[in-house]
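Q: Hi, I'm new to this one. Could you walk me through it?

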2 protein chains.
Amino acid sequence: MAEGYKSVSEFIAAGYQIHTVYHTVAADAKLHNLSKKINFQEITEAELQKMSGLTTPQQVLAVIQLPEWPKLKPEDLKNKFSVVLDGIQDPGNLGTIIRTADWFGINHIICSDDTVDAYNPKVVQATMGSLARIKIYYTDLEALLPTLNLPLFGAMLDGKNIYTADFGSEGLILMGNEGNGIRPNIQPLITRSITIPRVGEAESLNVSIATALFCSEITRKRFK
Amino acid sequence: MAEGYKSVSEFIAAGYQIHTVYHTVAADAKLHNLSKKINFQEITEAELQKMSGLTTPQQVLAVIQLPEWPKLKPEDLKNKFSVVLDGIQDPGNLGTIIRTADWFGINHIICSDDTVDAYNPKVVQATMGSLARIKIYYTDLEALLPTLNLPLFGAMLDGKNIYTADFGSEGLILMGNEGNGIRPNIQPLITRSITIPRVGEAESLNVSIATALFCSEITRKRFK
């Protein structure tokens, strides 16, 4: 389920198969911009309240056919940076990571099998439409990573300073679970441990914040 | 209300006045490390479930006396960077901003009067204990900002590239509301508009992500 005109229109534009677009009378005018091949159904404000997962529902929501997860082609990861997530649990964090990756032009996110489902409605909402554009894979990281032949940059509390590290021109940014970090059986696969230097006193950073700082640092090198 | 051993212990360490610390039998051993002058009360798992705002309650929670908001002394903002928030509404965003500021050694956050209350339990939770260390002020930004005589860096969709901008040695990082950005009556006070370059296709960044990227860029200059 996707909520809000913007998010729904991104899924339509990306070619997702739309089951039904539900909308109130108030949203009627806007819908003329959407594809005509879609099944529309008008609902009341009361019905919207019941269907929506939001505290403040928007006037449009869509039920969308779950696509198959895409198959990873290792050659698609060459000459670019991608994000690898090891056990992210919070839907808001995953959604924000997807949105941030989309801002920075990172198009592939590889998730461990136990990472929260990217089609969880709270994830969909937090991506603000970016989910429709980003390829997300679920897999056994321990089996996959050694086969990719790409530098694996692990976000750790100890490691090379992110601001002075050389990321080169391709690789994988590996982020760990909110409470426990990167799993012990994945850590030996890391090519280089990278750390975000702490100047103040917080014990850790939120994982979506840390991911954004990695995406930003990689991007920054283009503007030197 | 603060939940979890870590968060509760940070508030105690910071000298907040604790009304009562509620805890289950399971948390008993840990509590010996906390101050002895505090009022403890044992509760059952069922009572914890009712009191907690979390899906997965932790074994300890504290009811804490709301302190007065501190009075802003303009001289405290000299020779450093602080964050200014114009109408942030989402408690998770404010909490994450406080936690991130604490990581980067930014100790003052100035909020418009309509910014979400920093003692909202969802904010407290998202700060992961950092709230106890950061000074937060609520004020009329339009009246305050012109009196501070500090560079005001506004996060805008158009402006100087954050990666190449010179932030100097002091100033205020101004972030706007989630949907609407910085208010039109505040925008003329901006000394320099700064933008985070978009490489991909997302329409915007989450405000806590954008704030973190500003904090990070200011910090990075120390590691050149």
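Q: Is the crossing of H3(A) and H6(A) left-handed or right-handed?
A: The crossing of H3(A) and H6(A) is right-handed, meaning the near helix is turned clockwise from the far one by less than a right angle. This is a predicted model, where local features need pLDDT of at least 70, side-chain atom pairs count only at pLDDT 80 or more, and totals for chains, interfaces and linings use all residues. Residues are numbered from 1 along each chain as its sequence is written, with chains lettered from A and ligands numbered from 1 in the order in which they are written.

Q: At what angle do the axes of H3 and H6 of chain A cross?
A: Roughly 15 degrees, and the axes of H3 (residues 91-103) and H6 (residues 207-220) of chain A come within 9 Å. H3(A) and H6(A) are therefore roughly parallel (angles under 35 degrees count as such).

Q: Which residues of H3(A) make the contact?
A: Asn93(A), Thr96(A), Ile97(A), Thr100(A) and Ala101(A) do, meeting Val207(A), Ser208(A), Thr211(A), Ala212(A) and Cys215(A) of H6(A). Contact means C-beta atoms, placed from the backbone, within 7 Å. By class, this contact has 5 nonpolar, 5 polar and no charged residues.

Q: New topic: what domains does the assignment give for chain A?
A: Domain 1 covers 2-64 and domain 2 covers 74-223 of chain A. Their centres, taken over C-alpha atoms, are 31 Å apart.

Q: How many residues does each domain of chain A bring to the contact?
A: Domain 1 of chain A gives 10 residues and domain 2 of chain A gives 8. On the domain 1 side, the largest share, 4 residues, comes from H1(A).

Methods: Domain bounds come from an automatic or database domain assignment. Two residues are in contact if their C-beta atoms, placed from the backbone, lie within 7 Å. Helices (H or I, at least four residues) and strands (E, at least two) are DSSP runs, numbered from the N terminus. Axes are lines fitted to C-alpha atoms, for helices over the stretch in contact, and angles run from 0 to 180 degrees between N-to-C directions. Angles under 35 degrees count as roughly parallel, over 145 as roughly antiparallel, 65 to 115 as roughly perpendicular and the rest as oblique. Ala, Val, Leu, Ile, Met, Phe, Trp, Tyr, Cys and Pro count as nonpolar, Asp, Glu, Lys and Arg as charged, and the others, Gly among them, as polar.
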